Amino acid sequence: MATAAVPRAAPAVLPRHVAIIMDGNGRWAASRRMPRAMGHRAGVEAVRSVTRAARALGIEALTLYAFSSENWRRPAEEVSGLMKLLKLFIRNDLAELVRENVRLRVLGDYRRFPADVVELIDDALARTAGNSGPILAIALNYGAQAELVEAARALAVQAAAGGLDPTAIDADAIETQLETRDLPPLDLLIRTSGEQRLSNFLLWQAAYAELLFVETLWPDFGADDLAAAVDAFGQRQRRYGGL
Ligand code: IPE
Ligand code: IPE
Ligand code: MG
């Protein structure tokens, strides 16, 4: 339900970092006999209400999977439609993000996007860089395997240059190279639309995240659904291999 951001009473256990695989825009449109682009447009509205709701709930970091490194496989027209929506979102919503003290982050190799999009993103990052509030991380041309390949490569380069003892490479060393290194640990990973896979998203970070797969299509996902997800998270018992 795309409703206004009205938070409930603060839940007992709040996830610090929530990530969402925003899936189902195309099926939302198809079920209405609309073109897929209309589903993406409706998806942007859901982004707006869910980012507001996350702030109202007090979630420290929200990471949204907006474009995967595999989404280039879609028809060029759909890809360029998504770029247009991204530009619209930044143009319309940046002022609010600045005002709300949001720290914008981008995960993924967004520099592969068209030059005007890259310019807008860089400007948005610069304008929120001095903020100190909640983090909104958007995954753009992101792939977790590429992220891990990059991390391995960076450590190998350091080792080859003699600046790093290869036997000292541990999980912490890898985490310093991940794009999420400044974010709190991932607590809750949500995927909408009924699909139950990670589609190359946050593979390392999801090691001990709680996973929540919901049937709701992304354009229908709203503040209430986020609150329900956070409630469900609060009911989970995390054991990290212990008892
Ligand atoms: C998610 O919705 C948005 C992006 C991947 C950009 P989809 O476009 O994947 O919607 P479905 O899965 O075809 O319904
Ligand atoms: C994952 O959704 C990527 C995003 C939500 C941006 P997809 O719709 O691309 O994933 P698959 O192809 O169904 O695995
Ligand atoms: Mg999909």
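Me: How much space lies in the second largest pocket?
Reply: This is a predicted model, and in it the second largest pocket holds about 350 Å³ of space.

Me: Which residues lie nearest the centre of that second largest pocket?
Reply: Those are Glu175, Pro184, Pro185, Leu186 and Gln205, out of the 18 residues that line the second largest pocket. Sorted by class, the lining of this pocket has 10 nonpolar, four polar and four charged residues.

Me: OK, and what is the volume of the largest pocket?
Reply: Its volume comes to about 750 Å³, and the lining of the largest pocket is made up of 34 residues, with Met22, Tyr65, Ala66, Phe67 and Asn71 nearest the centre.

Me: How do the residues of that lining divide by class?
Reply: For the largest pocket, the lining divides into 17 nonpolar, nine polar and eight charged residues.

Me: Which helices and strands each supply at least two residues of it?
Reply: On the helical side there are H1 (25-30), H2 (36-57) and H3 (76-99), while the strands are E2 (61-68) and E4 (135-142), and each of these supplies at least two residues of the lining of the largest pocket.

Me: Switching to strands, do E3 and E4 run parallel or antiparallel?
Reply: Strand E3, residues 103-107, runs parallel to E4, and five bridges join the two. Within this pairing, Leu107 has Ala139 of E4 as its bridge partner.

Me: What handedness does the β-α-β unit with E3 and E4 have?
Reply: The unit is left-handed, and it is made by E3, helix H4 (residues 115-128) and E4.

Methods: Residues numbered from 1 in each chain as written. Chains lettered and ligands numbered in written order. Predicted model: local features only at pLDDT ≥ 70, side-chain atom pairs only at ≥ 80, totals over all residues. Heavy atoms only, no water. 1 Å grid on protein atoms, 1.4 Å probe; cavity = no way out; pocket = protein on both sides within 12 Å on 5 of 7 lines; lining within 4 Å. Points joined across faces, edges and corners; volume = space filled by probe spheres on them. Helix = DSSP H or I, 4+ residues; strand = E, 2+ residues; numbered from the N terminus. Nonpolar A, V, L, I, M, F, W, Y, C, P; charged D, E, K, R; others polar. Pairing = 2+ DSSP bridges. Right-handed = clockwise from strand over helix to strand, strands pointing away.
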